[in-house]
Structure formats: C-alpha cells, structure tokens
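Could you walk me through this model in the viewer, one selection at a time? I would like to know what to pick next and what to look for once it is highlighted.

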Amino acid sequence: MAKGFLELLRTGLILFDGATGTMLQRLGLKGGGCPDELNIKEPSIVRKVHSAYREAGSAVVTTNTFGANRVKLREYSLEGRVREINMAGAEIARSCGDGLVAGCIGPTGRFVEPVGDMDFDEAVDIFREQAEALKEGGVDLFIIETMMDIKEMRAAVVAVKEEGLPVIVTMTFEDTMRSMLGTPPDVFAIVAEALGVDCVGVNCSLGVEGIYKAISIMSSKTRLPLIAQPNAGIPVLKDGRTVFPSTPQEMASFVPKLVEKGVRVVGGCCGTTPEHIKEMGDALRRCKPSVTAGYGDGVTGLASRTDYILFGGGLRPVVIGERINPTGRKLLAQEIREGRTSLIRKEAKEQAKNGAHALDVNVGLPDVDEPGVMKRAIFAINENTALPVVIDSSNNTAIEAGLKAVDGKALVNSVSGEERRLSGLLPIVRKYGGAVIGLTLDEKGIPEDAEGRVRVAERIVKRATDMGIRKEDVIIDCLAMTVSTDERSAIETLKAIRLVKRHLNVPTILGISNVSFGLPQRTRINSAFLAMAIEAGLDCAIINPNNEMVMDMYYSSLVLTGKDARAGSYIKRFKKEPSRETEEREVRKEEVKDIGERIKNAVVEGDEENIVGLVEQALGEGWDPLRISNEALIPGLERVGELFASNVYFLPQVILSAGTMKRAFDRLKREFKGRRGPLLGKVLMATVEGDIHDIGKNIVITLLENHGFEVIDLGKNVPAQRIVEEAERYDVDVVGLSALMTTTVMEMDNVIKRLKERKIRAKTVVGGAVVTEEFAKRIGADEYGGEAVEAVEKIKRLMGVGSSLR
C-alpha cells in the first residue's frame, strides 16, 4: 500500500479526509474529553467518522490519534496506553472500506529547548513510541500535522522516518505567514525537504485563502508535492456557538488554484465535513497535476528558524563567517573551557552585522566536551542571529549534537573521499536533514591536479546521492593550497572549481585564507584570490567578514561578475561610508555606556549569562532596586516588545529576554528585605474547562511577571466556578482566559457572565488560537489578547498604567 501512495503522489492527485474533531463533536464528543480515547472506549463513533469520509470520496483517511502521544495523554492519565490507543486508531481506520490509512501525529504541546524544556532526543523518543504503534496497527503512511515549532517538527520526522513508511508533514501559520515561533512557509519547505519527507504543506489556523498564500510561498522553495488542508474559514460566533463559515462550494472553488501551485494532496482541517470533502473532491477530479517550481538546478539552501539563504546554480555567492573558532584565540578558548558563550554571541552578531550570510562554528579543543560545547554554541547563535550555521568538526558525535541543536537546516564541515568519513558521517547528515561540504581528498591525500580533485568530488557526490542526500546538498571544496610553497596551486584550485561546476553542477566552497599562509600582507592575497574564485564559479567563501578589505573585494567582485543588479549592494556598502574617526568615536561611545544601558541591552539581547553580574554592578554603584527595574529592566523588555511588533524579533527571542528578566528580578528580590517589590497589579490566568492547552497562556504569564504583575495561574481545564471564586478571593485586577479549541471557546462566555453576576470588578481578557477580536466583543470581554506581547500591553492599558512601575 505504501508503494501505492507514492505512485499516486508521483502521477496523480489525492483526496484526504476532513476534520475528525468536528465530526466527533457532531456525534457527541463533549468538551474536555479525550478524543483519542474514543478509539478504545467508543470505537463505533470513530468508525462512523471514517466511513463518512470514505463515502465522500476520501482516498486516504487519517487515524484519530492527533493527540495520542504520551505527553498529551498524560493530561488524561492515559500515558501508559499509548500503544493501545494508537493501534486501535489504526485498526479502526483500516476497517473502514478500501483505501489508504495515514497515521496522524500531532505536536506534544511542549517546546524543544532552548525555547522550551524538552530535549531533542526526548522529543524523538515520544514520537517514535507513537509511530511504532501506528505502524503495528497497519497504517500505510504517516502525516505529521499542525506543527508550530520547526525543531519539534524535525524531531518528529527523524523519529517517523525510522519506520520506513512515506511521510507527509504540515505546519500551521498565522495570517502574518509565520508560525507561532516565527518560521515562514519557505523556511519550513527547505528544512522539510532536506529531512527527506515525501510531501509537505500547510493545515489549520487559516481559511482556504490563507492556505493558498502559504502554499504559493512554499512552491518556489521545494520540488516536493504539496498538501493543503484548510479550515472551513475563520470561526465566528453565531447563536451562542462557534461555527466555521466557509461553505463546501467556496472551498472547492480554490482547489484548482491550489493544484496550479503544485498541490497534489487536498483535504480539510477544522470545521470541514464530508460535505466539504465531497465538493473539494469533485473539483480535484477535474484538475490536472502540476509540479512545484523549486529553486533551480544546482541550487541549495540553508536555513535558521526564521530565515534562509540560497546559493549555487549561478546565484550570488555567499559569505560564511569564520570567526567562531578557538584556533589561535586564547580568550575564546578560555571561554569555551569555562562553559560560557559571551564571545560566541558577540562574534555571531558582529559577523552578521558585517555581511556574513552563515556562520561557521568550530569549538574543537582537546580538553573539552565538544558535543556539549557545540550544543551550547549553536543555541547561543540561534538566539542571537537569524543566520544559518555551519557545523565545523572532525568529531561525528559533536556534529550530531550540533545537528540536533540547530533550528533549521545546517551545513556540515566536512566529509572527504576517505571511506571512514563517508560511511561514518553521511548517514548522520542524511538523518538530520543537513547539507555537507565535500573535501576533494581521499586516503591518498590531496590530488595535485584539478582532474584528480574532480574525481574525488564525483565519488563523494555519488555516495551522498545513493544515500538519499540531494546532489545540490553536497558542496564541494576544491581546497585552497598555500601559494608560498607551490606557485601554481591556486591555478589548479580555480581550474577544479570550473570543472566541478561544468561536470557536476553542484555548489562549491573554499576557505580563502589558506592560500596566503606564510606570506606577508595576507589580506591582499586573500582578497585577490577571492575575486578570482568568484569569477571561476565559487558559490561560498569562508572568510572573515569583519575584514574590511576582503569584504570590499567581495562586493566589487559581485559587480564585475554580473551578480549585483545595478550595483545595488556595492552602492549600499560604500554610500555615506563613515570615516575611521567617526567609527572610533562610536566605539568610544559604546565603551562609556552607563550600567543602566548595559542592563537594558542585556535584556534586549537575552544575555542570561551576564545579567546577574550587571545587576550586582548596578547595586554596587548605588542604584536602588526599583531604579534598576524602572530605568533598565522594564525599558529593555519594552524594546523587545517593539522589536517583536516589527517582526525583527520572534517568540524565541521574547522568551529568552523574559528568562533574562527573571534572573535579574530573582537577584533583586534579595534586596527588597521585606519591602513590597515592583507591582503593577494582580492578574488571574486560566485555560477554561475542557481545554488542556496552555502554551500561549504560559508565555503571557512569563511576560506579565517580568513586567511587574503578580500572576495567579490556575492552570488548565479550570471550571468556571473556581475561576470566579479565586478572582474574588485574590481581588484581582484582570482575569485572563485562554482556549484553543472550538469546543471550549464558549466556556469563556460562561465565565464572563458568572463574573458579572458576582459583580467582580476585574477586567477580562480572552485569547487563544480560535479567539478573534469580534468574538471577544460579542461575549463582553474587555480586551482581545492577540499575540503574547500585545496581550501584556493591553493589560497594562486596562490597568491605566504606562511603562513605569508604581
């Protein structure tokens, strides 16, 4: 059956089913119940849902196991029945007529570190447990869906790929075309394709128009078939209940447009029913398959959580910053040994500012835990720049640790033509969805001539592609040899680059500075060689982006090789260039910043490592704790909010800054000595009865506490009566209510009515994935929360306070 799915995917169009939860609600599922448990308690209800979709024409039905991982099932004390529930779900779907069955795997509801507290390996183990049970139950393929965290998505794919069945993966995006943690659709497509999935796409959160927009973005960044599973519109409140407004006909009208963008699989998410699926299927049968545009032959991409770069295939060459390397750098080596990352963060930000497109990370020292150091270093870079990383090590364990730590798609530096390297490293690169640098050397050493290096490159590319790595994801290094010992070595390297581009059409890379070793004025040689290499077809240059002369030559070479349209980048670099005197004045200005500005910057930059020391320095200089809060910490967090609102920062940076604030406040608490600390007001937070989702609520709580609010967190699945009683007991200023599910959102209306009946003075704020501003107004809430940072500002306005603490 698996072969049948892949064959259908390659040649035709496939109709999936629609919403399972919507149908289970129709058949009597009550709010607060565990939908997955129905597989073992009331299988006949689940069977009715699958049968209805089969009758509507679904070629693939999805198991009722979206939340059947041990983390989600623990909310119902069912974590010990993962295998039983998943196997039953697969067997029920299998029994409902002819056709294929997709094993459904949803998110855990936790974030993977460093954003959350879940280790990558733990996430893989959680998903592996579920996937094994689904396969044992008889599914034909897997669909990993509604992912919000790209790192959790990566863990799920790594686990599920072990089972040997086809894999579909979808993420959910907000109307900003970003996931909750800031990932756009194109980054997701690049990362998912590298992981080796068979189909990639979008589901949930958006109506069909929004899904079409996300699909359009993805189609230019992947050659994979796409899947679209829209909601039946954005839910609205009608006659006291939430309804999805899009009709079957309205959704079916978008099917041809989706297919034109490369969608091969069509289904539905929240609010869709067999009626929707039947109409969409009728429209699908009238369409002819098309293919995604992709990004061209010989081109590859690297990605962070929030951004990506493309290179190769004649595109503009990119700069890989080489400064994060302890070789010959005593201070960096010392910091690595001490387990700190301050210099790594500083180097990352400085190289990004000076034009690097990706950052090489080398932390190899003889007396350190290199895997652990690599993990911390990559976390630091992920948190402080939007640049992809290059994991530079000869230690396969350290490389694997780095690949687990990255948010997106990394480049591994490096494999060679030596058998031990090929067999040891390529499986790791393939498993975690990386690209890899191929050094043109083997057991015999480095071939002296260009033709010999190309033969090694051919062997590396073949081994990689045989293993399932895309050809374009092998970046060949023709090796820059020092001209001080062989004056013709640079000529052979340049010749090898041209031959690789002509015969293999894969990207090329060089560590430029090797060419000048042993010579005076090395920067001059490096700059000239960089220009020659770019003309020869070089796609990636590993250089020091902080070196002005080398970067000047890089931008000049782009103009001269026709890779800088209208010399735009060159003009931008040299327009209004500051004088050296101005730069030195700015440096001096930076050095004399007072301690308040340094604390503020530490919050903005999420510098958890140094914030406590800065707070102690301020205290030592005579700053009062309240002054530190009012003039340094709170302004820092407000700046984070501004950066978030302008899409410069995303949720991971916000959470990091909040964690930095918490460390600072924990230190300041010792100074209050019985005095009341900074307090803006009391806020009671709860996820309403029937709903077990609390990620968004917990983020808001963290931000509120760091802004100076006292927060009473009642948790999740909280009855209305308890919310009312606790609001009265604590005499709170604001009650914040959260709901993620359409089945529970009306409980907010119930809570607000009860608060008003009890004449509780507290203002009310509501939020959650299915909550809209219109809905908030209709149920009488005082504010619609929206994004986490926005919710805090609205609560402050409700309290009638500005940014200063009272």
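This is a predicted model: local features need pLDDT of at least 70, side-chain atom pairs count only at pLDDT 80 or more; totals for chains, interfaces and linings use all residues.

**Stop 1: the barrel**

Select strands E13 to E20. These eight strands close into a barrel, in the order E13-E14-E15-E16-E17-E18-E19-E20, with parallel pairing. From one strand to the next, the twist averages 30°.

For a closer look at one pairing, keep E16 (residues 411-416) and E17 (residues 435-439) on display. Four bridges link E16 and E17 in the parallel sense. Which residue of E17 is the bridge partner of Ser416? Show side chains and you can pick out Leu439 as that partner.

**Stop 2**

In general, nonpolar side chains tend to be buried together in soluble globular proteins. Now select Ile144, Met153, Val169, Phe188, Val200 and Ile391. Within the largest nonpolar core, which has 155 residues, these are the ones with the most contacts. Colour helix H8 (residues 150-161) as well: with eight residues, H8 gives the most to this core.

Centre the view on Val169. Which residues is Val169 in contact with, leaving aside its neighbours within four places in sequence? They are Ile144, Met153, Val157, Phe188, Ala192, Val197, Cys199, Val200 and Gly201.

There is also a second, separate core of 50 residues; Ile595, Ala618, Trp623 and Phe644 are among its members.

**Stop 3**

Two packed helices are described by the angle between their axes and the distance between the axes.

Begin with H9 (residues 185-194) and H10 (residues 208-219). Their axes lie 8 Å apart and the helices pack at about 50°, so H9 is oblique to H10. The crossing of H9 past H10 is right-handed. To see where they touch, show Pro185, Asp186, Phe188 and Ala189 from H9, which meet Ala214, Ile217 and Met218 from H10. You have already seen Phe188 among the residues with the most contacts in the largest core.

Next, select H15 (residues 342-353) with H16 (residues 370-384). Here the packing angle is about 40° and the axes are 9 Å apart, which makes H15 oblique to H16. H15 also passes H16 in a right-handed crossing. On the H15 side the contact involves Ile344, Arg345, Ala348 and Lys349, and on the H16 side Ala377, Ala380, Ile381 and Asn384.

H25 brings Gly596, Ile599, Lys600, Val603 and Val604 to the contact, while the H27 residues include Ile628, Leu633, Pro635, Arg639 and Leu643.

**Stop 4: just past H27**

Move on to Asn647, in the loop between H27 and H28 (651-672). Asn647 and Gly182 are 465 residues apart in sequence but 8.5 Å apart in space.

**Stop 5: the open sheet**

Select E21 to E25. The five strands form an open sheet in the order E22-E21-E23-E24-E25, with parallel pairing. At the edges are E22 (709-713) and E25 (783-784), each of which pairs on one side only. E21 (residues 681-687) and E23 (residues 734-738) are joined in the parallel sense over five bridges, and Ala686 stands opposite Leu737 of E23.

**Stop 6**

For an antiparallel pairing, select E11 (residues 299-303) and E12 (residues 308-312), which five bridges join. E11 and E12 form a hairpin with four residues between them, and Leu302 stands opposite Ile309 in E12.

Finish at H33 (residues 788-798). Which residues of H33 are buried? They are Ala788, Val789, Ala791, Val792, Lys794, Ile795 and Lys796. After H33 comes Gly800, with a positive phi near 70°.

Notes. Residues are numbered from 1 along each chain as its sequence is written. Side-chain values use heavy atoms; hydrogens and water are left out. Two strands pair if DSSP finds at least two bridges between them. Helices (H or I, at least four residues) and strands (E, at least two) are DSSP runs, numbered from the N terminus. Axes are lines fitted to C-alpha atoms, for helices over the stretch in contact, and angles run from 0 to 180 degrees between N-to-C directions. A nonpolar core is a set of buried Ala, Val, Leu, Ile, Met, Phe, Trp, Tyr and Cys residues joined through side-chain atoms within 4.5 Å. Buried means under 20% relative accessible area, exposed over 50%, partly exposed in between (1.4 Å probe, protein chains only). Contact means heavy atoms within 4.5 Å. Angles under 35 degrees count as roughly parallel, over 145 as roughly antiparallel, 65 to 115 as roughly perpendicular and the rest as oblique. A crossing is left-handed if the near helix is turned anticlockwise from the far one by less than a right angle, and right-handed if clockwise.
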